[in-house]
Amino acid sequence: MRDEKKYGMVIDLDKCTGCGACMVACMAENNVPFKEDESNKLDSITWMRVYKLTNEKPFPEADICYIPRPCMHCEADHGHSPCVSVCPATATDYSLRTGIVSQIYSRCIGCRYCMVACPYHARYFNWWDPVWPSDMEKYLSPNVSPRMRGVVEKCSFCFHRYQLAMDKAFLEKRRELKENEYQTACTQACPADAITFGDLNNPEHAVQQLVRPDRKNGGRTKHPRAFRLLERLGTNPKIYYLSSREWVRRAGDNYLKKENKTLSGRST
Amino acid sequence: MNINRRSFLSFVIGSAAGTTLSPLPWKMQDDSAIWSQNWPWVPVPKDGAANYTHSICTLCPGHCGITIRKIDDRAVKIEGMKGHPVNDGGICILGLSGLQLLYGPSRVKTPLRREGKRGEGKWKKISWDTAISEVAYRLVELRSKGQSHTLGFISGSEQGTITALSERFMTAYGSRNFLQTPSMDDSYAMVLNLMQGVDAQAGFDFENTDFVLSFGSGIIEGWGSPVRMFRANSRWRTNGGKVVQIEPRLSNTAAKSDKWIPINPGTEADLAFGLAHVIIKQSLYDRDFIDNHSSGFDHWKKRVLDEYHPGKVAKTTGIDNSTIISLARDFARRSRPLAICGKGQGKTPGSSGEFMAVHALNALVGSINRKGGVWAVPRPGYIDWPEVKMDKTATKGFQQRRVDGAGDKKYPQSGSLLNRFFKMIHAKEISPIQALLVSDANPRYTLPDSKIIKEVFDKIPFVASFSSFMDETAVNSDLILPNHIYLERYEDVPGVTGLQKPIVSLSRPVIKPQFNTKHVGDVIIGLAKQLGKGTADAFAWENYENCLEKTMGKMWKTLIEAGFWTDPNFKKPKWDEILDFSSEKFAFLNNNTSIDYQYRPVKLEGEPTSFPLTLIPYDSMRLANGFIGDPPFVIKTVEDTVLKKKDSFVEINPKTARAYSLSEGSYAVLTTLKGSARVRIHLFDGIMPGIVAIPSGLGHTAYDKFLSGKGVNVNELIGSVEDPVSGLNAAWGIRAKLYKT
């Protein structure tokens, strides 16, 4: 299929400063609600969440690294993402045209099977109806529906931005988007330029050039600095991380202590 | 039928049991959950035409260009402005949350007069005319008593017409007590003054340096202009630039640097001298600069060689002798090395001795006024108003000294000393300040030694705040005259902290004022017109917009069209422009002043015997700690090892924890000379044993429920220490103790 796209992301952890701008860019773009207390991270809705990793060594060998975690938009070896295969309501689906895992709030019945299935904790449940105090409803974007209590939500790769860009392209009698026409809010905001976003199938896009994913092999990469989260589960995430520190790359999967091979996109 | 006790009870118990056992309550509960889910609680955002406006973010001195996406007349998103010389499309976490400030619950919506006691929170809404005349009445009264000098003004904006108008107002009124919130920019300005003889701002050519030696500066924690620093840091990751971070705690900057060297806190200057020692000993310094553009080198050299042998420095700093030697070599051998200081975000000034030592290190390798080095950026000179003709009262009032002693014999080089201002008032029985105006500042929260600051505020008979938000200072004032927020008003924004090029940006109304607020510029002009002929004459403008347009002159058109103005002809300044002593030389030692500024370490408050630990604050991009507090989105991103429910965590090394039998998450009481607070413990291997690190930016008592009452304000625990040269606050921490509860 000629127009088959696989949107994905490369996040350079050597550049990521852990500042959290991507998290807030996402919240502001996608009408994500907030509550008085957000310190219980299990019910704090953050489509993009920055985790802090430590190498667990004592002072002064200690080291930390931040790792931003959007939805991985997995395309598992059997063709489905873990969440898609469990959804009884077809509220989440994998798009073969874009490679984006969707979430349709009005279909979601709130059973939360998908949250159990997701190995990346990328999905969040709305335990309460959202409340925007004072005049804050005024800043809500009409491009993204606010979600009601009882449904699951997650990162959509700012799909509405894709739709807007496609509408514009169609009006101009084009079928293809230029690389910079569709970028996610986090990519655009990142003050450290750590995030690169684009079509992993398009050799002209920076993401493809950065990691050169092996299409026949679940998008694996041979880039020495690259890794994906929980590579060995076979979920084939479309988020690639780059780090020059070995302990960071090893933190991306569950390794046994005696396993001393580092994976750069290869299963052992 | 007879109803007796027995039958009544059987009926009640029977019906209760029956209802519970029947499916009815469960069915009703289920139904009501489903039914209420269909209530239109979730808003449907109104659609409309999308449009974009450019402006400037003034939430911090970084001054990024921003683009606001609007749907009809609603602002829905703030993004970084593409093509802006500071941030080119990038934006920080606080800038992104600006709309929560605009539409949020902590806005002051109309002028307010206090009813009841200060801080009680009882307010009466008043009209703008009443509000301005009430301030005018107070000020006229003071003036008629010949006490014009007892008016104080604290301003948070740095340069530009708002500051100039405020200062002009004070001059025309007859008081010298105009103060600005201090930062490391003041310390750097002091250094440029003493070592180069210029009145300028320090600029750093980060885009062209290849080795940054940072003495605790949070390069990616918000030091300087945050987005610019992030971008520079990312560039070093790809072009081979190196960063060496020196500080006792593994900050994000330290973790991302090429080398982190932990140091005993407070000994940074010793290390700088130690490095200078090695550089001089091994003849690695820049001979051309030293021979042609510097003076006093031999004398300084002797002092460095005599007193800072690396072996000795190793003992003071806790850094290996060999590390010092190799660091000095690496630094001096690079083609464009740069040393910077100002701890964390640089929100507090520091020890002049330390700043001068670091600046001297730059001079030693010739990194002054060259590519990749430190530049002296001239202050913007476009404000050219006719001089104020002071009337008799004003002249008399102006003869009185400043309360903070800035510019006096002890601190001749300083312009404004906010911490000292409060200390001096505190020491007096009757406050030498009878009325205080506060604009764009929240000293009750942001200044160390909170207790003293609060006591001083309570002593001042009249306090008026121009704050747009219900911050700690506004809550405790007598009158609030709310300013428009930055997205609703015009303002010229000259300069970007740390940028080596002159730039002037324009903040403009992207949205019409949402509430009954008024531009502080208009309030000042309006106020001046009510104070009599003398002051009114100094403010001949119709309103602020008219004043701004006239002041900007030719620049105005560019500002309106592009949003910012840069000098197309700007080149690296000539030597005589940045070395303004008669000798036109860089002064390693300044002979013109009587000050003995030989470096002495800052002595922390508290005795080690009773306070065995050292408390240091740390800054984070996710915790705004200045005049602006965290909006809901930003506080949401704070990790649960920093803030959990209402408790904030302090970081200690597991070794320290063992000594005090503390473990992860346990509660403890942290005590210093200034106060004590209940905190929780977070074990962190990236911190030196014996050090306790506390996040700054928490512990608000004002603003909204999303921020208020969460965590501890570090300023309640920390004091200020007067720097012997500048009089600015030089405290970087305080001695402390911890015990388990």
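A crossing of two helices is left-handed if the near helix is turned anticlockwise from the far one by less than a right angle, and right-handed if clockwise.

First, the ground rules. This is a predicted model: local features need pLDDT of at least 70, side-chain atom pairs count only at pLDDT 80 or more, and totals for chains, interfaces and linings use all residues. Residues are numbered from 1 along each chain as its sequence is written, while chains are lettered from A and ligands numbered from 1 in the order in which they are written.

Axes are lines fitted to C-alpha atoms, for helices over the stretch in contact, and angles run from 0 to 180 degrees between N-to-C directions.

Now that helix pair. Helix 5 (residues 128-144) and helix 21 (residues 520-529) of chain B have axes that come within 9 Å and cross at roughly 55 degrees. The two helices of chain B are therefore oblique to each other; angles under 35 degrees count as roughly parallel, over 145 as roughly antiparallel, 65 to 115 as roughly perpendicular and the rest as oblique. Which hand does the crossing of helix 5 and helix 21 of chain B have? Helix 5 passes helix 21 in a right-handed crossing. Ile132(B), Val135(B) and Ala136(B) of helix 5 meet Val523(B), Gly526(B) and Leu527(B) of helix 21. Contact means C-beta atoms, placed from the backbone, within 7 Å. By class, that is five nonpolar, one polar and no charged residues. Ala, Val, Leu, Ile, Met, Phe, Trp, Tyr, Cys and Pro count as nonpolar, Asp, Glu, Lys and Arg as charged, and the others, Gly among them, as polar.

Next pair. Helix 10 (residues 268-281) and helix 12 (residues 297-307) of chain B have axes that come within 9 Å and cross at roughly 105 degrees. Helix 10 and helix 12 of chain B are therefore roughly perpendicular. Helix 10 brings Phe273(B), Ala276(B), His277(B) and Ile280(B); helix 12 brings Lys301(B), Val304(B) and Leu305(B). Those residues divide into five nonpolar, one polar and one charged.

On to sheets. Strands of a sheet pair through backbone hydrogen bonds, either parallel or antiparallel. Two strands pair if DSSP finds at least two bridges between them. Chain B has an open sheet of four strands, in the order 11-10-9-13, with parallel pairing. Strand 11 (259-261) and strand 13 (337-340) of chain B are the edges, each pairing on one side only. The twist averages 15 degrees from one strand to the next. Strand 9 (residues 211-214) and strand 13 of chain B share four bridges. Ser214(B) stands opposite Ile340(B) there.

Another open sheet in chain B has three strands, order 1-2-3, paired antiparallel. Six bridges join strand 2 (residues 65-71) to strand 3 of chain B. Thr67(B) has Glu79(B) in strand 3 as its bridge partner.

Last, the interface. How many residues of chain A are in contact with chain B? 53 residues of chain A touch 61 residues of chain B. Helix 1 of chain A gives the largest share of the chain A side, seven residues. By class, the chain A side has 27 nonpolar, 10 polar and 16 charged residues.

Note on methods
Contact = placed C-beta atoms within 7 Å.
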